[in-house]
There are 2 protein chains.
Amino acid sequence: MKDTVIPLDRLRLACKECGLATLCLPMGLTSDDVNKLSSVIQTNRIYHRGDVLFRNGDNFAKLYVVKSGSVKSFTEQAETGEQILGFHLPGEVVGLDGVASNLHQSSAVALETTACCEMPFGQLEKLTAQIPSLQHHLYRLFSKEIGQENQMLTLLGRFNAEQRLAAFLLSISTRLNQRGLSATEFQLSMSRSEIGNYLGLAVETISRLFRKFQEHGLVEADRKRVKITNYQQLTSMVDEHEANCLRHRL
Amino acid sequence: MKDTVIPLDRLRLACKECGLATLCLPMGLTSDDVNKLSSVIQTNRIYHRGDVLFRNGDNFAKLYVVKSGSVKSFTEQAETGEQILGFHLPGEVVGLDGVASNLHQSSAVALETTACCEMPFGQLEKLTAQIPSLQHHLYRLFSKEIGQENQMLTLLGRFNAEQRLAAFLLSISTRLNQRGLSATEFQLSMSRSEIGNYLGLAVETISRLFRKFQEHGLVEADRKRVKITNYQQLTSMVDEHEANCLRHRL
DNA sequence: CGAGTAGTTGACGATTGTCAAGATGGGTGG
DNA sequence: CCACCCATCTTGACAATCGTCAACTACTCG
């Protein structure tokens, strides 16, 4: 992903030509509507590894759509450090939590070289009042985010360490696959420590689980390169009914 | 709370007279706008303990605002039972996760006798296109929900059992207090088992913690009746910096 | 009043975190 | 191009938190 070469002359793509358009945009917009939207959007701003998109407490101004690369969002705790709230892959939106108080409630940092489209929320909001399908799309976007967080709550509340890592790998796999990439072979952009943080587990646990998964032929992992070798069984671990049977064999 | 008597003739209150109006409604609506809104809303539908507001997989049609009583929302897992996603107190909205797919992604059940206002989302949506401040309010509502779930993720990811229960009690306290009730003395509507489920802990752990808190003079708990006797110290447990110091004394 | 559900308590064990030491590898500068 | 360095990762030993199991108590509701 890091090595993908994007020709410079395509960096300033308008929404109309954007490969992610079906993810960002609702169906049924007129060409005129799309033009209005793209006039408001700042396209393809580039961030590098470690660059901050926004920080907890910053004034909320815009939503960020990841176009390539990846972003992590997190809260900063007084002494315990950060709690990672999510990893954001191409086509996903970051910053929705800022609308409530006009201040960002979390921080967001690029995990690698990352291109984002930035949408000033105030302008977007005005536009949604004029374009019903865009309004509906934005409501759906918020709602989808809530649904995903609900899944994450379930994961943290009811899943053991194995199931959490399995679910994590499957989530990344599915999401990359939706963007046209391989579902079974990919490069993680986050460190073991970040995975552990996200899943509520210690780094050492993540490391041990990767080894265990590898020993049992579920994945081949070399550093950040991951190859899922038994997708089926990985899936069945998350479906906890079968997981209980499986756990005794593992 | 269960015993609160609501005169029957006030049960069909329009939004204009609703005591929760400042919670549900944005500031700066004209009287006309409020009338439009209340014409769309079904007010004060009564649910009893165990009654289902909606179930996972149901068609999504409306949002529910709790007016009195309380509601739990949860996902149903194949064999592990349910994972509780949230408890909803008066003034809070339930059902936001349904917008994304037009199907409810979770279920919601009344924990006690509960009155809800029900807002058909399609109509609400049309109205928001006409009333900018209502549109903004709805975006904020979604965003606030996301912020709260982020807090919950942090709780499940980084807090130990003690901190989780402390945070839970403080959350209930704060929210009830915002509705004009006592911050230090209240009646829980959920069982120990439901608290445990919500916090990712076993019932027995909750039971032991209540005893521990009581022994240390933090709360007095008799079944569902809770009295917070040392609010200060409870707060400092959640602020994890001090919590580390405290833990050795407890 | 009786039955069943919810809550409590104790004993025990497993999962997962912590600590410490060592290995690996990417990146940088000579 | 090589070598060194630092961050990341791995691995093992040990400990602690929390879950599980089981028995018992106490409400609540019909």
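A residue is called buried here if 20 or more other C-beta atoms lie within 10 Å of its own. All views are taken from a predicted model.

**View 1. Buried residues of helix H6 in chain A.** In helix H6 of chain A, which spans residues 192-199, the buried residues are Ile195(A), Gly196(A), Asn197(A), Tyr198(A) and Leu199(A). The cover over these buried residues of H6(A) includes strand S5 (81-88), helix H5 (161-178) and helix H7 (203-215), which belong to chain A. After H6(A) comes Gly200(A), and the phi of this glycine is positive, near 70°.

**View 2. An open sheet in chain B.** Four strands of chain B, in the order S2-S7-S4-S5, make up an open sheet with antiparallel pairing. Strand S2 (52-54) and strand S5 (81-88) of chain B each have a single partner strand and stand at the edges, so one side of each is left without a neighbour in the sheet. From one strand to the next, the twist averages 30°.

**View 3. The pairing of S4 with S7 in chain B.** Strand S4 (residues 71-77) and strand S7 (residues 107-110) of chain B run antiparallel and are joined by four bridges. Within this pairing, Ser73(B) is found opposite Ala108(B) in S7(B).

**View 4. Two helices packed on the sheet of chain B.** Helix H4 of chain A (residues 132-158) packs on the sheet and touches S4 and S5 of chain B, with its direction making about 120° with that of S5(B). Helix H6 of chain B (residues 192-199) also packs on the sheet, where this helix touches S4 and S5 of chain B, and its direction makes about 95° with that of S5(B).

Methods. Residues are numbered from 1 along each chain as its sequence is written. Chains are lettered from A and ligands numbered from 1 in the order in which they are written. This is a predicted model: local features need pLDDT of at least 70, side-chain atom pairs count only at pLDDT 80 or more; totals for chains, interfaces and linings use all residues. Two strands pair if DSSP finds at least two bridges between them. Axes are lines fitted to C-alpha atoms, for helices over the stretch in contact, and angles run from 0 to 180 degrees between N-to-C directions. Two residues are in contact if their C-beta atoms, placed from the backbone, lie within 7 Å. A residue is buried if 20 or more other C-beta atoms lie within 10 Å of its own, exposed if 12 or fewer, and partly exposed in between; C-beta atoms are placed from the backbone.
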